[in-house]
Amino acid sequence: MDTTSIVLLVLIVVLVVAYPILVSSKNKKERQRFQEMTNSLKRGDKVLTASGVYGTIVDLHKEDDKTIVTIETGMGKNKGYISVDAYAIYTILPDENEQKADEDKKEESSQPAQETIENQKEEET
């Protein structure tokens with residue numbers, strides 16, 4: 001065998017060994033993030049389920065080893081309730097008050113940077 005064949009064979013072996021390790025590492029991080037999110041569910045959280053249903057959590061209770069979440073959907077006369085397993089929750093939506101607070105923080109942190117840029121331009125002239 002020439003050197004090119006040996007290098008190619010070594011590269012294939014390394015890829016075959018490295019791929020499962022990298023995939024399992026990524027899956028482990030994703031499972032951990034998902035578990036943390038599931039454990040942090042509480043009443044009043046606005047959520048999106050994996051099937052695309054938006055709603056607000058109104059009840060959480062344990063059955064055997066599962067957590068069942070009751071979600072209120074709709075508004076006014078069209079309110080409805082569905083119960084799903086906690087693992088069916090895809091994401092917790094940020095609260096409107098939290099979004100405003102985050103936006104305010106971003107604006108406050110960007111103002112000093114803007115003032116510094118303006119001061120530098122004034123010094124150059």
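Student: Which residue is the bridge partner of Ile-71 in S4?

Tutor: A word on the general idea: strands of a sheet pair through backbone hydrogen bonds, in a parallel or an antiparallel way. In this predicted model, Ile-71 has Ile-82 of S4 as its bridge partner. Strand S3, residues 66-73, pairs with S4 over six bridges, in the antiparallel sense.

Student: Thanks! In what order do the five strands of the open sheet come?

Tutor: Read across the sheet, the order is S4-S3-S2-S1-S5, with antiparallel pairing. Strand S4 (80-85) and strand S5 (89-93) are the edge strands, each pairing on one side only. From one strand to the next, the twist averages 40 degrees.

Student: Let's turn to the loops. Is Asp-45 buried or exposed?

Tutor: Buried means under 20% relative accessible area. Asp-45 has 10% relative accessibility, so Asp-45 counts as buried. You will find Asp-45 in the loop between helix H1 (3-39) and strand S1 (46-49).

Student: What is Asp-45 in contact with, leaving aside its neighbours within four places in sequence?

Tutor: Its contacts are Ser-40, Gly-55, Thr-56, Ile-57 and Ile-92. Look also at Lys-42: its backbone nitrogen lies 3.1 Å from a polar atom of the Asp-45 side chain.

Student: And where is Asp-64?

Tutor: Asp-64 sits in the loop between strand S2 (54-63) and S3. Its phi is positive, about 55 degrees, although Asp-64 is not a glycine.

Technical notes
Residues numbered from 1 in each chain as written. Predicted model: local features only at pLDDT ≥ 70, side-chain atom pairs only at ≥ 80, totals over all residues. Heavy atoms only, no water. Pairing = 2+ DSSP bridges. Helix = DSSP H or I, 4+ residues; strand = E, 2+ residues; numbered from the N terminus. Axes fitted to C-alpha atoms, helices over the stretch in contact; angles between N-to-C directions. Buried < 20%, exposed > 50% of the residue type's maximum accessible area, 1.4 Å probe, protein only. Polar contact = N/O pair within 3.5 Å; in protein donor to acceptor, adjacent residues only side chain to side chain. Contact = heavy atoms within 4.5 Å.
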